[in-house]
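Thank you all for making time this morning.

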Amino acid sequence: MTTMDKAVKEYMKRGVLHYMVKMYGGIDPYTKKQIDITKRGFKTKNEAKAFYAQKQVEMLQRNDTDNPNLTFKQFYHSYYEKYLHNCSLEKSTLGKIKGIFKNHILPFYGDLKLKNISYQDTLRSFELWKEKLQKPSKIAIELNKCLDQADHNDFIPKNPVKLDGLRLWEKKEERKRDNAQGDKLFYTSDEIDLFIQKLKTTDDIPKIASFLLLVNLGLRKGELLALQWQDIDFQNKKIHIHQAVGTDESNKPYIKATKNFLERTLDIDEETFQALLKWQELQAEQLKWQSLEHQGDKQFIFPNNKNTFYINSKLNTWLKKFQTQHGLKLVSVHGLRHSCATRIYYQTNDVKFIQHFLGHTDITTTIDTYIHCIPELGNILVKRFNRTA
């Protein structure tokens, strides 16, 4: 089988760079001779690659549905990868899925013959992933989707994956972890006050502003890092959250829509508002000192040293060091979002308000996510279930 890199070639036509594909096309079933596929005239390399990928799929569908030696790896690279690209997934989502296959699924299933993958094979892979991962079901779900496609297109007679047992095990383990961690996942209202008190004793103005946004407004880290000054309505003391920093399948950063494409506008509390005002003034001075151009309304609020958005702000590292220095409970950056939700619930008793505040599309997500730190939410979930039963 010709690899894509070898099949796609450059050539010049009237002084203009073009691309061609020359590849192995299988064996003619009547003459038993090798078929060679050659096509010229592609203006871009991506067009040539797309043609190559399409021909590989056609060969698989023509020959390999009856080929008992087709491996999982061959099916994935020649068919399922193309299917994923055609699903219009976000770049960050596609990157995560391909990472799951590269790091977890292909090492186990890659060399197995596709038609021979059994239920026992899936159980063995689940046990392996249980040892390494807290959420093995995330891997199993992607395997299940892949084998569903193999089943749907008649590459295999039946998808052998069954997720119920793994999900039950995972929920038990999650309950054990929650019980063991207890209140370590988030701050109580009093602990938030102490955290903010210690935060204000530092002279790191941007850190004060960023962590107040996290703990008082419950932003996700990606949303925080994508903030620009145009997102702050200083006159009405509001913040518009409409984008986030993500990474594509090549681990390159880019600005994307918020999770679930759900935008939200929140009131800014006075404490956070004053911190933002102070940082806005200081940032303008710092950019001048660093000979960096201020981007006006499109200036990122918390940029890196090149005055663009962070890939990884190392906020967790700074936070852990800060918490250790001040004898505070170790809570992650995302744990500050949980802390914010918990405080708002005890102030309002309004789960719908928390749903909007955090940017959840479904109230069940809010309840499921925060049930470990707000026991009363369990009763709300039961009542909702009883009403719909």
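Predicted model: local features only at pLDDT ≥ 70, side-chain atom pairs only at ≥ 80, totals over all residues.

**A first walk through the model**

Is Gln355 buried or exposed? Its relative accessibility is 9%, and because buried means under 20%, Gln355 counts as buried. If we leave aside residues up to four places away in sequence, Gln355 touches His360, Thr361, Asp362, Ile363 and Thr366.

Stepping back to the whole protein, the secondary structure comes to 16 helices and 8 strands, and of the 389 residues, 42% are buried. When we take the contacts between residues at least 6 apart in sequence, 57% of them join residues that are at least 24 apart. The protein exposes about 22,100 Å², with carbon and sulfur atoms supplying 49% of that area.

Turning to the strands, there is an open sheet of 3 strands in the order 4-5-8, and its pairing is antiparallel. Strand 4 (232-233) and strand 8 (264-267) are the edge strands, each of them pairing on one side only. Between strand 5, residues 238-241, and strand 8, the antiparallel pairing runs over 4 bridges, and within it Lys238 stands opposite Asp267 of strand 8.

Now to the charged side chains. Side chains of opposite charge can pair when their charged atoms come close. How many salt bridges does the count come to? The count is 13.

One of them joins Lys73 and Asp111, whose closest N and O atoms are 3.5 Å apart. This pair links distant parts of the chain, since Lys73 sits in helix 3 (residues 72-85) while Asp111 belongs to the loop between helix 4 (91-109) and helix 5 (119-132), 38 residues apart. Lys73 is partly exposed at 37% relative accessibility, whereas Asp111, at 65%, is exposed.

A second salt bridge is formed by the side chains of Asp193 and Arg343, at 3.9 Å from N to O. Here too distant parts of the chain are linked, with Asp193 in helix 8 (residues 189-199) and Arg343 in helix 13 (residues 333-348), 150 residues apart. Asp193 counts as partly exposed at 42% relative accessibility, but Arg343, at 15%, counts as buried.

Finally, I would point you to Arg220, Glu223 and Arg264, which are linked in a network of salt bridges.

How values were computed
Residues numbered from 1 in each chain as written. Heavy atoms only, no water. Helix = DSSP H or I, 4+ residues; strand = E, 2+ residues; numbered from the N terminus. Buried < 20%, exposed > 50% of the residue type's maximum accessible area, 1.4 Å probe, protein only. Contact = heavy atoms within 4.5 Å. Areas by Shrake-Rupley, 256 points an atom, 1.4 Å probe, with all protein chains shown as cover. Pairing = 2+ DSSP bridges. Salt bridge = Lys/Arg side-chain N within 4 Å of Asp/Glu carboxyl O.
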